[in-house]
Amino acid sequence: MTIAVKVMGLLVSFVARLVTGAQGHWKGCPPEALQRIYFANHQSHLDWVLIWAALPDDLRVRTRPIAARDYWTASKFKHWLTREVFNAVYVSRQRTDDQDPLEPLADALQNGDSLVIFPEGTRSNKGTPLPFKSGLYHLAEQFPGVQLVPVWIDNVQRVMPKGEVVPVPILCTATFGAPMQLQPGEDKRVFLERAREAVTALRPLVT
Amino acid sequence: MNALRSLGVEQQVALLFLILFGLLGLASIAVFVPTLRAQHSEQADPHLRQLRDLRALWIGTVVFWLSWISGPVGATLLFGVFSFLALREFITLAHTRRSDHRSLILAFFIVLPLQYVLVGLRSFDLFSVFIPVYVFLAIPVLSALAGDPERFLERNAKIQWGITVCVFGLSHAPALLLLEFPNYAGRGAFLLFFLVIVAASAQIVQELASRWLRRRPVARHIDRSFSYRAWAAGALAAALVGALLVWITPFRIWQAMLMGLVAGACGTLGEFVMKALKKDAGVRYWGNQSSVTGAVGLLDRVAPLCFAAPVFFHSVRWYSSLAA
């Protein structure tokens, strides 16, 4: 790791903490260095940065985001930031018949890394998460030993609403719930709905 | 006392901090030693609370000391950071809407730095009217330009109130440090110290008095312990402490009592108001515990200062214009 990467990492987490407080509330599990898939609601571009800043240092280096290859490798800086600082897993948004879109994620999990995914697939701002895409189910099926941790990210949409460029300082929280597993023989749709409910259940009552 | 007066200003201030840190050290030992013995018992709980309070005091004193040794620029910057954090917490609780975004950017990144620049430059006339006059117009204009009429007055009132408390109010603390006073040059730290001590004494005595007196609370739904008598006891204690501290101030003894009374009474009322605000925002926890919104509890800590500092500052300034 070069100095520039380290400085950039410190800078990003400092700014994230200054603007959002980046508080992690570990309600369902302690922040342990176990292999995990964190799945969270998705409301803003800052979601990943918030989870990343809320993680302790030793977990940060082994926890990787998913980045769209066409967007995040478009410029040199974006590519450097996602590759070196965040250690992102790149996926292609264009589907080709001969390649499984989950393959890069499976490779990362094989490698022993943890992942952060947003199973809604897109940003929502309706308060409740959209129905989950099936990627989470397939990963859970392939890697039964990896803990699935639901995460609720609160308040981020107020920091930077769609279309704005300057963030407003507002305190945000990432609440980590109890790990869940895919039950033997569980139906895909039932599992995805259960996962979505696990995320929604972490939402603070007073909003 | 005469030996003290013959010391230079710098030495007097250094002595002040030496005494302060010494007292804190003694208090820490006094609280810490029993916790070693009382482990695994139910008695440990109040001790833990005391330890937490002491930690807050330590942080406060260290911050105060840092703001003194770093000079006007450092003090201004330091309180600027506090303002930023307090305003961040306030806005989190205020549930602003999307269309408030531009107004909030103005508040955080333009109004706040400018107010502290004005403090640092000692332009106290503009500093006193910048937020109540100019920002008062700018915020609703920006808000109207955003084109959202829904709950317009409420949203703007919230933002203006937040700026007034967290930026305008708190910026009077470094202003005290920088206030030029006839025959009192360089002793601003004593004034700030005086304010903090009288406000803290009022708070502590009010708390104790409400426990002893067990009066019917005035506003049960806001604060279970606030009663007029406890509040008056706190204010009187502040007046007494003010009189005891008269030797570090430019005041005569009755003036020091009056200043202490005013600052103590305002500080505890400010805390009371902040409690009402947090109840309104739905925050159930108070102080250090993290709450549902993730508010960290800085706002409660600085609330007495936010409300007492402007009143104290302008009383002192008004008095100094009489004295000059």
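Good morning. I begin with one pair of residues: Ala67(A) stands opposite Tyr90(A) in strand S4 of chain A. Strands here are DSSP runs of E with at least two residues, helices are runs of H or I with at least four, and both are numbered from the N terminus.

The model is predicted, so local features need pLDDT of at least 70 and side-chain atom pairs count only at pLDDT 80 or more, while totals for chains, interfaces and linings use all residues. Residues are numbered from 1 along each chain as its sequence is written, and chains are lettered from A and ligands numbered from 1 in the order in which they are written.

Let me turn to the sheet. Two strands pair if DSSP finds at least two bridges between them. Strand S3 (residues 63-68) of chain A runs parallel to S4 (residues 89-91), with three bridges. Three bridges also join S3(A) to strand S5 (residues 114-117), again in parallel. On that side, Thr63(A) has Ser114(A) as its bridge partner, and Pro65(A) stands opposite Val116(A).

What is the order of the strands in the open sheet? The seven strands of chain A follow S1-S7-S6-S2-S5-S3-S4, with mixed pairing. S1 (23-26) and S4 stand at the edges with a single partner strand each, so one side of each has no neighbour in the sheet.

Next, helix H2 (residues 47-54) of chain A. Eight of its eight residues are buried, so the helix is largely enclosed by the rest of the structure. A residue is buried if 20 or more other C-beta atoms, placed from the backbone, lie within 10 Å of its own; 12 or fewer makes it exposed, and in between it is partly exposed. The buried residues of H2(A) include Trp48(A), Leu50(A), Ile51(A) and Trp52(A).

Leu50(A) and Ile51(A) bring us to the largest nonpolar core, of 134 residues, where they are among those with the most contacts, as are Val151(A), Leu170(B) and Leu195(B). Such a core is a set of buried Ala, Val, Leu, Ile, Met, Phe, Trp, Tyr and Cys residues joined through C-beta atoms within 7 Å. Helix H9 (residues 188-213) of chain B gives the most to this core, with 14 residues.

Which residues does Val151(A) touch, leaving aside neighbours within four places in sequence? Among them are Tyr38(A), Phe39(A), Ile51(A), Phe176(A) and Val199(A), where contact means C-beta atoms, placed from the backbone, within 7 Å.

Methods. Two residues are in contact if their C-beta atoms, placed from the backbone, lie within 7 Å.
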